[in-house]
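Visitor: Hello! I am new to this structure. Could you pick one part, show me where it sits in the whole, and take me through it closely?

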Amino acid sequence: LVNSSAFGKLFSLSADGKVNTQPLIVTGLSIGGTTHNVVFFGTENDSLYAYDADTGGSPLWHDALLNAGESPSDDRSCTNITPTIGICDTPVIDTGAGTHGTLYVVTMSKDSGGGYHQRLHALDLTTGAEEFGGPVSISATYSGSGDESSGGTLSFNPAQHKERAGLMIVNGVVYTSW
């Protein structure tokens, strides 16, 4: 609570892991026929939460964004984020996308065979359901030289890079950075 006469903690919200994302809020969102001010945040266990920002309580919805047989990434010897790496970046919300608005978030995971994955998810604000046929695996290949290049080509390595900066959306395009 912050206003001209008071400052203080209203409540704590439960999560399944560390929260390194900044919380995002959408006001006046109808979920299950009730209007809420909703706070969204992600965890390093690749979970996304939606809570009523005024009352806390139980999550309005919670979505574990791992495929079957996957876990959040190990820390990859990163001393800043340990013991797991999942959702590190702050998601972005487009209230005009999809049926009820869309939250975009990048996850990092590891499969049972030791392969690493980074995916862009587009989630309905009211349910957490995947939209637009997602998630989409992140990949990139381009001409260049230097670390990780082979034959004049650089390819994105999902095990090596961690998405830390907040996502951005401009004119319907979601921007990420590593």
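Guide: Gladly. One term first: accessible area here is worked out by the Shrake-Rupley method with a 1.4 Å probe. By that method, the accessible surface of the protein comes to about 9200 Å², and 49% of it belongs to carbon and sulfur atoms. Please keep in mind that this is a predicted model.

The protein has 15 strands and zero helices. Its radius of gyration is 18 Å, close to the 16 Å that the globule rule gives for 178 residues, so the protein is as compact as a globular protein of that length. The C-alpha trace spans about 60 × 35 × 35 Å along its principal axes. Of the 178 residues, 38% are buried. Among contacts with a separation of 6 or more, 47% join residues 24 or more positions apart.

Begin with strand S1, residues 24-31, which pairs with strand S2, residues 34-42, in the antiparallel sense over six bridges. Look for Ser30: its bridge partner in S2 is Thr35. Two residues lie between the strands in this hairpin, and Gly32 there takes a positive phi near 60°.

Now follow S2 onward. S2 also pairs with strand S3, residues 47-52, again in the antiparallel sense, over five bridges. Here Gly42 has Leu48 in S3 as its bridge partner. The hairpin of S2 and S3 has four residues between the strands, and Asp46 takes a positive phi near 65°.

For comparison, move along to another set of strands. An open sheet of three strands has the order S11-S13-S12, with antiparallel pairing. Its edge strands are S11 (141-143) and S12 (149-150), each pairing on one side only. S11 and S13 (residues 153-155) pair over three bridges, and Ser143 stands opposite Thr153 in S13.

Met168, Val170, Val173 and Tyr175 make a nonpolar surface patch of about 340 Å². Strands S14 (168-170) and S15 (173-175) are the elements that give two or more residues to this patch. Val170, found in S14, counts as partly exposed because its relative accessibility is 35%, and partly exposed covers the range between under 20% for buried and over 50% for exposed.

Conventions. Residues are numbered from 1 along each chain as its sequence is written. This is a predicted model: local features need pLDDT of at least 70, side-chain atom pairs count only at pLDDT 80 or more; totals for chains, interfaces and linings use all residues. Side-chain values use heavy atoms; hydrogens and water are left out. Two strands pair if DSSP finds at least two bridges between them. Patches are made of residues with over 30% relative accessible area and no salt bridge: like charges are joined within 9 Å, nonpolar side chains (Val, Leu, Ile, Met, Phe, Trp, Tyr) within 5 Å. A salt bridge is a side-chain nitrogen of Lys or Arg within 4 Å of a carboxyl oxygen of Asp or Glu. Buried means under 20% relative accessible area, exposed over 50%, partly exposed in between (1.4 Å probe, protein chains only). The radius of gyration is taken over C-alpha atoms; the globule rule is 2.2 Å times the number of residues to the power 0.38. Contact means heavy atoms within 4.5 Å.
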